[in-house]
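Visitor: I'm new to this one. Could you show me how to read it, feature by feature?

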Amino acid sequence: METVKIVFWSQGGNTAAMAAAVAEGVQEAGSKAEIINVSDASAADLQSMKGFALGCPAMGDEVLEESEFAPMFDECKPELPGKKVALFGSYGWGTGEWMENWEADCSASGIKLATDSVIANEMPDEEALAACKALGAALV
């Protein structure tokens with residue numbers, strides 16, 4: 001049984017709560033989950049994986065976190081086509097445009113997402129947490 005890695009960045013805890021729900025979904029589907037803060041992850045860690053989840057909240061002008069998360073994603077992006085990849089994150093303003101842009105970046109890079117992305121406005125509610133569990137299960 002391969003471990004599904006869940007790599008995330010969180011400032012206020014909302015995306016961290018979503019990562020925990022993704023891990024629950026992975027485990028309920030019968031696999032192991034490992035939650036990793038992006039500062040402890042590298043592109044090399046993800047290259048050997050068949051699938052994983054990436055979580056990042058909207059920052060600034062609805063962009064990915066720029067100092068740690070975006071550089072790690074850009075580094076591993078060439079290795080992601082053909083893998084099961086799922087995206088999640090939270091936002092506190094705007095419309096969720098950062099996720100649409102992130103999905104478009106994946107598509108332009110040849111990355112086919114394994115399931116619909118999950119976003120939550122602020123702290124994830126029960127519906128968003130259930131969607132995160134389903135996202136995790138889709139990676140198993």
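Visitor: Let's begin with strand pairing. Which residue in β4 is the bridge partner of G51?

Guide: The general idea: strands of a sheet pair through backbone hydrogen bonds, either parallel or antiparallel. In this model, which is predicted, G51 has K84 of β4 as its bridge partner. β3 and β4 run parallel, and five bridges join them.

Visitor: What is the order of the strands in the sheet?

Guide: Read across, it goes β2-β1-β3-β4-β5, an open sheet of five strands with parallel pairing. At the edges sit β2 (32–37) and β5 (118–121), each pairing on one side only. From one strand to the next, the twist averages 15 degrees.

Visitor: And which strands does helix α1 lie across?

Guide: Helix α1 (residues 14–28) lies across β1, β2, β3, β4 and β5, and runs at about 145 degrees to β4. α4 packs on the sheet too, where it touches β3, β4 and β5; its direction makes about 160 degrees with that of β4.

Visitor: Now helix α3. Which of its residues are buried?

Guide: In α3 (residues 69–76), the buried ones are F69, A70, M72, F73 and C76. Looking down the axis of α3, you'd find them within an arc of 165 degrees, so they line one face of the helix. Their cover includes β1 (3–8), α2 (43–47), β3 (51–55) and α4 (97–108).

Visitor: How do I read a nonpolar core?

Guide: In soluble globular proteins, nonpolar side chains tend to be buried together. Here the largest nonpolar core has 28 residues, and V7, L54, L64, F69, M72, F73 and W102 have the most contacts inside it. At least two residues of this core come from each of α2, β3, α3, β4 (84–91) and α4. α3 gives the largest share, five residues. Another core, of 18 residues, lies apart from it, with A53, V118, A120 and L135 among its members.

Visitor: Last one: aromatic rings. How many aromatic pairs are there?

Guide: A pair of aromatic rings is described by the distance of the centres and the angle of the planes. The count here is three aromatic pairs. One of them, F73 with W102, is edge-to-face, at 5.9 Å centre to centre and 90 degrees between the planes. That pair links distant parts of the chain, with F73 in helix α3 and W102 in helix α4, 29 residues apart.

Visitor: Are F73 and W102 buried or exposed?

Guide: Both are buried. Y91 and W98 form a tilted pair, 5.7 Å centre to centre with 50 degrees between the planes, and both of those residues are buried. Finally, ring pairs link F69, F73 and W102 into a cluster.

Conventions: Residues numbered from 1 in each chain as written. Predicted model: local features only at pLDDT ≥ 70, side-chain atom pairs only at ≥ 80, totals over all residues. Heavy atoms only, no water. Buried < 20%, exposed > 50% of the residue type's maximum accessible area, 1.4 Å probe, protein only. Helix = DSSP H or I, 4+ residues; strand = E, 2+ residues; numbered from the N terminus. Arc of directions from axis to C-beta. Contact = heavy atoms within 4.5 Å. Core = buried A, V, L, I, M, F, W, Y, C linked by side-chain atoms within 4.5 Å. Pairing = 2+ DSSP bridges. Axes fitted to C-alpha atoms, helices over the stretch in contact; angles between N-to-C directions. Phe/Tyr/Trp six-rings, centres within 6.5 Å; stacked < 30°, edge-to-face > 60°.
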